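Please keep the viewer open as you read.

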Amino acid sequence: MESISVFEIIKVGIGPSSSHTMGPWNAASAFIRIIKRERSIEEVKEVFLEFFGSLAKTGIGHGTDIAGMLGLNGEDFKTIDTTKIDEKIEKIKSTQILNLGGEKEIPFIYGHHLVLNMKKSLEYHPNGMIFKAVFEDGTELVQDFYSVGGGFIMSQEKKSIQKHCVRTLYPCHKSSDIVKYCEKLGLKRISDLILINEESWRTPDETKAEALYIWQQIKECIYKGVNKEGTLPGGLNVTRRAAGINRKLLGDKIYKNKDEWFQQVVEAEENFTNINKWISCFALAVNEENASFGRIITAPTNGASGVIPAVLMYAQAFTEFTSEDDIVRFLLVAGEIGTLFKKNATISAAMGGCQAEVGVSSAMAAAGLTEILGGTVGQVLMAAEIAMEHHLGLTCDPIKGLVQIPCIERNTMGAIKAITAANIALESDPAKAKVTLDEVIQTMWETALSMNDRFKETSEGGLAIAVNVPEC
């Protein structure tokens, strides 16, 4: 089984969906690379892109079509100026020209070259898409891709489309492997084991630098979110709330940048109610940015991107565990727990409902928090188990297919559950636990397989049809 770096699970992303935005964007970029490998961009006459299943049914709300066009246009979601996205898409649609791979302008008519097929699903995975390049000599190149969650993509041959396929020194594909290797090496902290395994990709110093970069991106995203008023795009007219909560909690305090703002948060009045509101504020801020095509940290998905930032920010602002080392250890352990769910279950709502997104992120955050609060190996894994146990069966039923209702608030709940799970685990004896993390992961997967497709990000069940929202 392939090892996965924690920074493939926790990484820089763009809203609103890792599976419906980042995955198709990555697929489009991968298709460009395939064209260059097989032929050349200059030989291409036309390109066609068809989305199927869940990608088609909720594609407009998730910006799937936008991601496909920008990916084919040679844009990188890690570096694109997110304020220019609408402008770039309007140019493609109005001129009916796509700059393929950023190298050759070709005709591109929305609705003809790009189609959302809502009546058909591809067999391998509900998040399917097919790319086709037609060359000047009339020959064609066709490639299917599947967005399997967290921005990861695969082909029909079930081969993961990743740049790095490695095997770590101490491969941890189940939580029992983590326990085994920690005991074998005499390690008291899971993060020490993960730091060793991450050397398969980068040096320890590079790993720490990447984790601290992620933390800075988290602070930047939250800071943007708590300072933006207004209504979210998409037609639901959802009002941003993070800014209002931030303003009420800080009162008349003044700040000029994210570091001054963070210091004001640290110095704010601490009581249970205020801290609870801050945690919700942090999560809301991230997910409101995500809903607005903002740059966020995918952890492990975009729909669940607010949980880990909220819990890590809570730890930094309201506990004594505030060192850079604590940040690194939190993210290493959180990311490793995410890999266990990806390998043994799913992190895709289209496959498993929201238990696979907010549920997984809550388990990740609970483990990371327990690690830095001094939990044992067993307590860290127990915290992850508790958090997931109380997300089992959670459906994904976004209204109008937008990552807004109930997605945004759901991240606040996932963050609170993570903190509660950590506190319970720290006061418990893992040896007396009746359910292991491996067992709850297996149960989550079985639940996913049993769940009706109406509740798997199709907007055909639950709140998505119970709430009547007129088209705008």
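Which residues in α5 meet which residues in α6? Ile66, Met69 and Leu70 of α5 meet Ile85, Lys88, Ile89, Ile92 and Lys93 of α6, where contact means heavy atoms within 4.5 Å.

Before going further, a word on ground rules. This is a predicted model, in which local features need pLDDT of at least 70 and side-chain atom pairs count only at pLDDT 80 or more, while totals for chains, interfaces and linings use all residues. Residues are numbered from 1 along each chain as its sequence is written, and side-chain values use heavy atoms, with hydrogens and water left out.

**Helix packing**

Helices (H or I, at least four residues) and strands (E, at least two) are DSSP runs, numbered from the N terminus. Axes are lines fitted to C-alpha atoms, for helices over the stretch in contact, and angles run from 0 to 180 degrees between N-to-C directions. Two helix pairs can be set side by side:

| Helix pair | Angle | Axis separation |
|---|---|---|
| α5 (64-72) and α6 (85-95) | about 80° | 11 Å |
| α9 (204-225) and α13 (307-318) | about 100° | 11 Å |

On the α9 side, the contact is made by Trp215, Ile218, Lys219 and Ile222, and on the α13 side by Pro309, Leu312, Met313 and Gln316.

**The nonpolar cores**

A nonpolar core is a set of buried Ala, Val, Leu, Ile, Met, Phe, Trp, Tyr and Cys residues joined through side-chain atoms within 4.5 Å. Buried means under 20% relative accessible area, exposed over 50%, and partly exposed in between (1.4 Å probe, protein chains only). The largest core has 112 residues, and Ile10, Trp261, Trp278, Ile337 and Phe341 touch the most other members. Beyond its neighbours within four places in sequence, Ile10 is in contact with Ile214, Ile297, Thr298, Ala299, Ile308, Leu331, Ala334, Gly335 and Met364. There is also a second, separate core of 39 residues, with Ile35, Ile80, Ile89 and Phe293 among them.

**Cysteines**

How many disulfides does the structure hold? The count is 0, taking a disulfide as a pair of cysteine sulfur atoms within 2.5 Å. Cys182 is in no disulfide, and its nearest cysteine sulfur, in Cys172, is 7.3 Å away. Cys182 is buried at 2% relative accessible area. For Cys221, the closest cysteine sulfur belongs to Cys281 and is 12 Å away, too far for a bond. Cys221 is also buried, with a relative accessible area of 3%.

**An annotated span**

An unreviewed UniProt entry lists residues 189-464 as "domain: Serine dehydratase-like alpha subunit". UniProt positions are given in the numbering used here, feature names are shortened, and annotations may be inferred rather than shown by experiment. In the model, this span is 62% helix and 1% strand, and its end C-alpha atoms lie 43 Å apart.

**Loops worth a visit**

Ser292 sits in the loop between α12 (272-291) and β9 (295-298). Ser292 is partly exposed, at 24% relative accessible area. Not counting residues up to four places away in sequence, Ser292 touches Leu232, Pro233 and Arg240. Ser292 and Asn423 are 131 residues apart in sequence, and 33 Å separates their C-alpha atoms.

Is Ile254 buried or exposed? Ile254 is exposed, with a relative accessible area of 66%, and lies in the loop between α10 (242-250) and α11 (258-267).

**Backbone details**

The bond from Gly15 to Pro16 is cis, with omega near 5°, and Pro16 is in the loop between β1 (11-14) and α2 (18-38). Ile405 and Pro406 are also joined by a cis peptide bond, with omega about 5°. Pro406 lies in the loop between α17 (377-389) and α18 (407-426).

Lys400 is in the loop between α17 and α18 and has a positive phi of about 60° although it is not a glycine. Lys400 is partly exposed, at 25% relative accessible area. Ser459, likewise not a glycine, has a positive phi of about 60°. Ser459 is found in the loop between α19 (437-450) and α20 (463-466) and counts as buried at 17% relative accessibility.
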